[in-house]
2 protein chains.
Amino acid sequence: LDYQHVQVPFEITLWIMLASLAKIGFHLYNKLPSVVPESCLLIFVGLIMGGIIYGLNDKSPPVMDSDIFFLYLLPPIVLDAGYFMPSRPFFENIGTILLYAVVGTIWNVFGIGFSLYGICQVKAFRLQDVSLLHNLLFGSLIAAVDPVAVLAVFEEIHVNEKLHILVFGESLLNDAVTVVLYKLFRSFCEMPAIKSVDVFVGVGKFFVVGLGGVLVGLTFGLTAAFTTRFTKDIRVIEPLFVFLYSYLSYLTAEMFHLSGIVAIIACAMGMKRYVEANISLKSHTTVKYFMKMWSSVSDTLIFIFLGVSTIGENHEWNWPYICFTVIFCLVWRALGVLVLTFFVNRFHVNTITSKDQFIIAYGGLRGAICFSLVFLLPDFHRKKLFIAATTVVILFTVFIQGMTIRPLVDLLAVKRERESAPTVGEQIHIRFLDHLLAGIEDISGHWGQYYWKDKLEYFNSKYLQKILLREYDQPKSSIVLLYEKLERKHAIELAEAGQLGHAPSHPSLLRSGFLCSNNNRTAITDKKLEDTLNPDVLENIQEILARNLYRIRRTGPAYNRHTLPGEAEPVEHAKEILILRHKSL
Amino acid sequence: LDYQHVQVPFEITLWIMLASLAKIGFHLYNKLPSVVPESCLLIFVGLIMGGIIYGLNDKSPPVMDSDIFFLYLLPPIVLDAGYFMPSRPFFENIGTILLYAVVGTIWNVFGIGFSLYGICQVKAFRLQDVSLLHNLLFGSLIAAVDPVAVLAVFEEIHVNEKLHILVFGESLLNDAVTVVLYKLFRSFCEMPAIKSVDVFVGVGKFFVVGLGGVLVGLTFGLTAAFTTRFTKDIRVIEPLFVFLYSYLSYLTAEMFHLSGIVAIIACAMGMKRYVEANISLKSHTTVKYFMKMWSSVSDTLIFIFLGVSTIGENHEWNWPYICFTVIFCLVWRALGVLVLTFFVNRFHVNTITSKDQFIIAYGGLRGAICFSLVFLLPDFHRKKLFIAATTVVILFTVFIQGMTIRPLVDLLAVKRERESAPTVGEQIHIRFLDHLLAGIEDISGHWGQYYWKDKLEYFNSKYLQKILLREYDQPKSSIVLLYEKLERKHAIELAEAGQLGHAPSHPSLLRSGFLCSNNNRTAITDKKLEDTLNPDVLENIQEILARNLYRIRRTGPAYNRHTLPGEAEPVEHAKEILILRHKSL
């Protein structure tokens, strides 16, 4: 027996296997995941595992290594989040998200830090040796909402798109702020004296870390898109580039002390539309599926390790400090959301309701990022107290808030996600309104979001697409392309359900030469409608849409992180098609 | 700048990126890969890289770590080979393959070892300090044909299926023999005296190592199949199990000093049909694609590292020893193939022609396995000579033999792979003959391959399928199921080419209730034909087959390791369908 030789890969494989089997186990009993969030169950499994290891070895089980977490477990989850980010609601609410992420996080850091320092001044609590700087450092790591925890809970409760993107976007983008504040306070802790210039440098760093991350990410993303231009003869390694470039963007950003999370999100969002157009459909299925799979496994491992790491002798218990930490986390977040939303609502027509505000405040879950940061702290005599407080906050938010948020959403009747995706009609109208608003903004000289969006689209179709797409020909009409895309999506869904045999035949399509000339997949570009609709194309479109209107009702299911579109089997739908065909014959 | 922190993943990602970009580079110029095998080009890139590193650092570039090779680079390639192994020709020729792999390898090891020892006795060559045992040890590592190198070359020359499986199967299964002989001679080298009992133990080990590997592999494979029974609600982690279980089988086998390669192949072949039936189509696409991608990357990395490792100061040059090694490798392999084939041909009707024998002998390429084994040798004063000889043999076989084998195959007019897969008619006849032969063998009391195959099929459908498949219902008729499978395959191909709109409609299929009732994917089982064909089913089948006969012409393209079936776009075919439909209307 030669265990040493295979130990590293063997143990990694076994951990992943345990995580996957645990996941299967939960889903065998359908009732369990509908009451308790999966993250709680996984932490629970981790606690049991940790208890067993502790019991057998009589020493603390290994804690999750911060390096492993930041270098290997976090990137897949963030990549998945960025790649499948619904870009429209994200960019529509980018201002609000940034406000929450930057100002909100700073508010929380200083609020929690200063009020905990106040608690430390109470003599009865015996905490007078914890300095203000240490409290602020602790505040900086405990204040940040965790994207992994937020995703794990919010994907199961299906709140409306705007609310989801506000909480989720904040949790992703506050990474830049957290990185800066954490490193700033950590270096302050080690400095003999702090000059005022250091504070100003710190403020300047916000912009460097955040914008630098975006820059690194976009550079790698566009390079990835450019690379996939040349993979036509070697389809099999196409999916690799998506993963390699986004991982490189993360590592490069981390290397320069920029925000890796921001970089990988910028990379994923930047490359998505071009890569999707360049690579084959099968490669794209592989990319999507593998991303989901990988993030799902990382996610599972993180929560299990969180449970395992909780058990042990790393903790120093101090009731007042720990209790007040939990209370301050809740109170300062609630206050921050209230104040910030007050300002946001003054400048927006579409305001954030008080119910939504409550869910935003309540959904501020903490997770593995805090946990890893607290272990990365330099050694000092109260580190174990900080570890204990962090663990309690994480367990409190994940268990208590995570488990009660679903009943609360039901109780408050928070506006839910719409069941179906927008119809083609709606999509066309939305696009039309976008162009209209861009025109109005242009005339009135107001540089609003529609103006910039329109300019970006123009730049994209004029330059970027020509460089980054393999087969770039000016699309005939965006409606036809949209129709083709839906048609293709539908075809794949039908084929997967083994229903192809019953699909209607459309020799007319072939005759009119629409689909035939467009075997290669081209991205849908938001070209202005009016400049492409010549009469005969329009006539054809009308014919096609009239013939196939039944299809429009069936579009993809709502966004959910753990499923991919098109898993349901459209048996009912196939029957409907059949009836329609019989009538037409 | 904090490079230390991200060094490991960053450098790994960069190497993979380099490998992938090199691959894209070759394929941009279509002429290059058609003349020079990719493996040669990659080694060449590696040599240049190694030269640059050597030039810049003025010290030897890092050699490929044997642990990394055996634990991380080799398994994906072998898994891919096992999973996509054409099982029928493999099992039909299993006797011949085993003869080549076991007896042939032993023959080569002792042939090369003893004759090199003879060379060492020539005083002029100054090699008298190389003992017989060291020569045999060297023989044991240089004799084994390398699956990675063989695959890389043979997938490009498309020889007939039997010839391909003979060379490729041998290269995979000789691992068991190589492992045993290599470890045996290595331990003999360190022993003060060798007893005859040690030699007998060594012979016994063959069976333990080989059969143990098969056992470990099958155990994990069937467990994997069983696990995928329960993944219906959590499709997203399905592909993971295929990779986890096969990797575990490899590691477990290595841990117990069994043959990891044999284990992973048994695992992949064992689980394939059950996993395929249990998991969703998208998951299966992901599994297939990812396996191809992974093995392709591993393969590329291995050849690049082979090139890089060649440069440096690890070599001791001795003209006679190195030249005679190359010559003996060629001569003993040729002799071995001739002698073994003589015996094989006496017992087979379907003989191996002399052209085929030449290609088998000439296709005995050496590769990275030899290279890793020679670096694993215990330190002794002539190790650098062995490294030099191994490097030369590898470069000679990969460059000279690899580049000339394609012209030779053309020149000798070796029987090629058939262009198209067998038609449905052929498949039905083959299956019918199988049953017939099984019956004849049963009556005559001869326990031949057909008898065992039949028994195994019976055992499979009676017990294994019930345990391992999720939705197991006794299939109605294997012809209908085969038709459905082809239909489904075709549907996916059509949908991928964006041609679904023109697919013919088959309301009759829906009406007859054939496909409708069978949305779930069931494996095709070779149930005997005669016991299921009741008249109305038969009538329906005839109708279906008559209507769709044009499809039969189009079946999947021939097996090729770097492409997946269904990448070609069936535009021509869609037109044909259209014409047929017009006629029928």
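A: The count of disulfides over all chains is zero. This is a predicted model. Take C40(B) as one case. The closest cysteine sulfur to that of C40(B) belongs to C370(B), and it is 16 Å away. A disulfide needs the two sulfurs within 2.5 Å, so this pair is too far apart for a bond. C40(B) is also buried, at 1% relative accessible area. C323(B) is in no disulfide either: its nearest cysteine sulfur, in C329(B), is 12 Å away. The setting of C323(B) is partly exposed, with 32% relative accessibility.

Now the charged pairs. Over all chains, 25 salt bridges are counted. The cut-off is a Lys or Arg side-chain nitrogen within 4 Å of an Asp or Glu carboxyl oxygen.

Begin in chain A. E38(A) pairs with K23(A), and their closest N and O atoms are 3.1 Å apart. This bridge links distant parts of the chain: E38(A) sits in helix α3 (residues 38–57) and K23(A) in helix α1 (residues 3–28), 15 residues apart. Both partners fall under the 20% limit for buried. E38(A) has a relative accessible area of 9%. K23(A) has 1%.

E92(B) and R88(B) form a salt bridge, with 3.3 Å between the closest N and O atoms. Both lie in helix α5 (residues 87–92) of chain B, four residues apart, about one turn of the helix. The spacing matters here. An α-helix has 3.6 residues a turn, so residues three or four places apart point the same way. Both side chains are partly exposed: E92(B) at 33%, R88(B) at 31%.

Another bridge in chain B joins loops. R382(B) and D129(B) meet in a salt bridge at 3.1 Å, N to O. R382(B) lies in the loop between α16 (368–375) and α17, while D129(B) lies in the loop between α6 (94–120) and α7 (132–142), so the pair ties together parts 253 residues apart in sequence. R382(B) counts as buried, at 9% relative accessibility. D129(B) counts as partly exposed, at 37%.

Helix α17 (residues 383–412) of chain B deserves a look of its own. It bends by about 35° at I405(B), and a proline, P407(B), follows within four residues. After α17(B) comes A413(B), with a positive phi near 55°.

Back in chain A, some charged residues form a network. R88(A), E92(A), D434(A) and K453(A) are linked by salt bridges.

Nonpolar side chains gather on the surface of chain A too. W107(A), I327(A), L330(A), V331(A), L335(A), L338(A), V339(A), F342(A) and F343(A) make up a nonpolar patch there, with about 770 Å² of accessible area together. Helix α14 (residues 319–346) of chain A gives the largest share, eight residues. W107(A) comes from helix α6 (residues 94–120) of chain A. The patch takes residues over 30% relative accessible area. W107(A) is partly exposed at 32%.

Last, the record. An unreviewed UniProt entry lists "domain: Cation/H+ exchanger transmembrane" for residues 17–409 of chain A. Over that range the chain is 79% helix and 0% strand. The end C-alpha atoms of the range are 34 Å apart.

Definitions and conventions
Residues numbered from 1 in each chain as written. Chains lettered and ligands numbered in written order. Predicted model: local features only at pLDDT ≥ 70, side-chain atom pairs only at ≥ 80, totals over all residues. Heavy atoms only, no water. Patch = residues over 30% accessible without salt bridge, like charges linked within 9 Å, V, L, I, M, F, W, Y side chains within 5 Å. Areas by Shrake-Rupley, 256 points an atom, 1.4 Å probe, with all protein chains shown as cover. Helix = DSSP H or I, 4+ residues; strand = E, 2+ residues; numbered from the N terminus. Buried < 20%, exposed > 50% of the residue type's maximum accessible area, 1.4 Å probe, protein only. UniProt positions renumbered as here; feature names shortened; annotations may be inferred. Bend = angle between axes of the 7 residues up to and from the residue.
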